[in-house]
Amino acid sequence: MNNFVFQNPTKLVFGKGEIAQLAQLIPTDKKIMITYGGGSIFKNGIYDQVKEALKGHTVAEFGGIEPNPEFETLMRCVAQCREQGIDFLLAVGGGSVIDGTKFIATALKWEGDPWQFLAKPMRVTEAVPLAAVLTISATGSEMNNGSVISRREIKEKRFFFNDACYPQFSILDPTVLYSLPKKQIANGVIDTFVHVVEQYVTFDNKAYIQDYWAEGILKTLVEIGPKLIADQHDYDNCANFMYAATMALNGFIVMGVAQDWATHMIGQEITALHGLDHGVTLAIVYPGVISVMREDKREKLLQYGERVFGITQGSEDERIDQTIAATADFFRSLGVAIRLSDYNIGDDTIEEIANRFDARRFMLGEKGNITPDKVREILHTVK
Ligand code: NZQ
Ligand code: ZN
């Protein structure tokens, strides 16, 4: 196991009816900006619950943050927050609204053009305090310090990390998932699954507890993912999914282990160029990554196949083939098409993505050995 430092300051408030806790969680002397997305919160009653809880508070609102939150939109919110002297941000939404709010919180403390801290990795440490009422489980943004922002004008999607952007608290009421479109449940299950394998299917780190945690999350998703697609009103399945998504990317399973993230990096480029949902890009790319990198990941692929899918029969190579097939079948069982051609994406995009990694001199993967040529090979595998 590698050395590590762990600290996660986010308070989780979990369970049915807990949105009402907002009244106590934010001091009444704060000037709050509530941020939200395209309006789902008005249809499912979440907005009403938030407003009811914040009756005694000073509150402004900013809506219209899009899926894959847009830099230009967020900058409009930054201007409004400055004008109104906002000193607390409350994100009511999913990964896009929470990430967007982390960006707004950071930009408010940033001198100069905030694109700077997205354009290239740099240390950012300040932010206006923020918190979240989660409405969709997928990204883990409710309990981490990361944020991913898009800039459609230049077809870019970039991320940053800021320790001041851990939400002060996040409210997780599993009943919010009842109103999700099925497509978003599938996206969330896949995103959670791929967050785990990015931190688990690498090489043997002799981190037994982290492996069992990762396998526990994966097995839970395999068990309840298709059930959630069939019936999203089962409270316990929603609760377990919600908890799985948070635990997949809040720093627990990654303590002391190597990390891959090639699937996310490649998927992010597909979204930047074609606007596909984040979860969909991961379902396309991941089977390609484990096919092309099967030798580097051999030991862990065998462990993953056996412990998550119960694959024990056949030679090592046959078991790895079965494991890759089981992974792809799981994504398909959620109703997601997993080939680039299903989305009319062809060779020109594959070349563009390989060239982008070449230009940025990026080497991906837990061993830093996924070259632009390997990226090309991965994408051809899933054409
Ligand atoms: O905008 P509204 O109208 O609210 O509708 C949203 C949106 O259209 C809808 N939705 C959310 N909650 C709902 C609901 N519809 C009905 N009932 C509800 N309760 O769902 C749609 C998708 O929302 P979005 O927030 O975009 O989804 P998600 O949570 O999957 O976030 C995706 C974004 O997060 C980034 C992705 O790249 C993408 O930009 N990620 C963030 C990460 C992080 N911060 O750690 C890590 C991830 O790997 C990921 O990259
Ligand atoms: Zn993700």
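Contact here means heavy atoms within 4.5 Å. Helices (H or I, at least four residues) and strands (E, at least two) are DSSP runs, numbered from the N terminus. The model is predicted: local features need pLDDT of at least 70, side-chain atom pairs count only at pLDDT 80 or more, and totals for chains, interfaces and linings use all residues. Residues are numbered from 1 along each chain as its sequence is written, and side-chain values use heavy atoms, with hydrogens and water left out.

**Figure 1. Helix α12 and its packing partners.**
Helix α12 covers residues 298-309. From first C-alpha to last, its 12 residues reach 16 Å. That is close to the 16 Å expected at 1.5 Å a residue; the expected span is 1.5 Å times one less than the number of residues. Buried means under 20% relative accessible area, exposed over 50%, and partly exposed in between (1.4 Å probe, protein chains only). In α12, the buried residues are R298, K300, L301, L302, Q303, Y304, G305 and V308. They pack against α7 (182-198), α8 (208-230), α11 (278-292) and α13 (316-333). G310 follows α12 and has a positive phi, near 70°.

A salt bridge is a side-chain nitrogen of Lys or Arg within 4 Å of a carboxyl oxygen of Asp or Glu. R307 and E215 form one, at 3.0 Å from N to O. The pair links distant parts of the chain, with R307 in helix α12 and E215 in helix α8, 92 residues apart. Is E215 buried or exposed? E215 counts as buried because its relative accessibility is 4%. R307 is partly exposed, with a relative accessible area of 31%.

**Figure 2. R319, a buried arginine without a salt bridge.**
R319 sits in helix α13. The residue is buried, yet R319 has no salt bridge. Lys and Arg count as positive and Asp and Glu as negative; His and the chain ends are not counted. Which side chain of opposite charge is nearest to R319? E316 is, at 4.9 Å. Leaving aside neighbours within four places in sequence, R319 is in contact with L302, I311, T312, Q313 and G314. L302 is also among the buried residues of α12.

The protein chain is divided into domain 1 (11-175) and domain 2 (184-381). These bounds come from an automatic or database domain assignment. The domain centres, taken over C-alpha atoms, are 27 Å apart. At the interface, 25 residues of domain 1 are in contact with 24 residues of domain 2. The two domains bury about 2,000 Å² between them, 61% of it on carbon and sulfur atoms. Buried area is the accessible area (1.4 Å probe) that two parts lose on being put together, summed over both. How many salt bridges does the rule find across this interface? It finds two.

**Figure 3. A network of salt bridges.**
E156, R158, E269, E352, R356 and R360 are linked in a network of salt bridges. One of its pairs is E156 with R356, whose closest N and O atoms are 4.0 Å apart. A search of the whole structure finds 28 salt bridges. Another is formed by R361 and D358, at 3.8 Å from N to O. R361 is exposed, with a relative accessible area of 70%. D358 counts as partly exposed, at 39%.

**Figure 4. Around α3 and β3.**
L54 lies in the loop between α3 (46-53) and β3 (58-62). L54 counts as buried because its relative accessibility is 4%. Apart from neighbours within four places in sequence, L54 is in contact with L22, I26, I32, I34, V59 and L90. K51 and E61 form a salt bridge, their closest N and O atoms being 2.8 Å apart. This pair links distant parts of the chain: E61 in strand β3 and K51 in helix α3, 10 residues apart. Both ends count as partly exposed, E61 at 29% and K51 at 30%.

**Figure 5. Two loop residues with positive phi.**
N68 is found in the loop between β3 and α4 (71-84). N68 is not a glycine, yet its phi is positive, about 60°. At 14% relative accessibility, N68 counts as buried. K206 lies in the loop between α7 and α8. K206 is not a glycine either, and has a positive phi of about 50°. K206 is partly exposed, with a relative accessible area of 48%.

Methods. Chains lettered and ligands numbered in written order.
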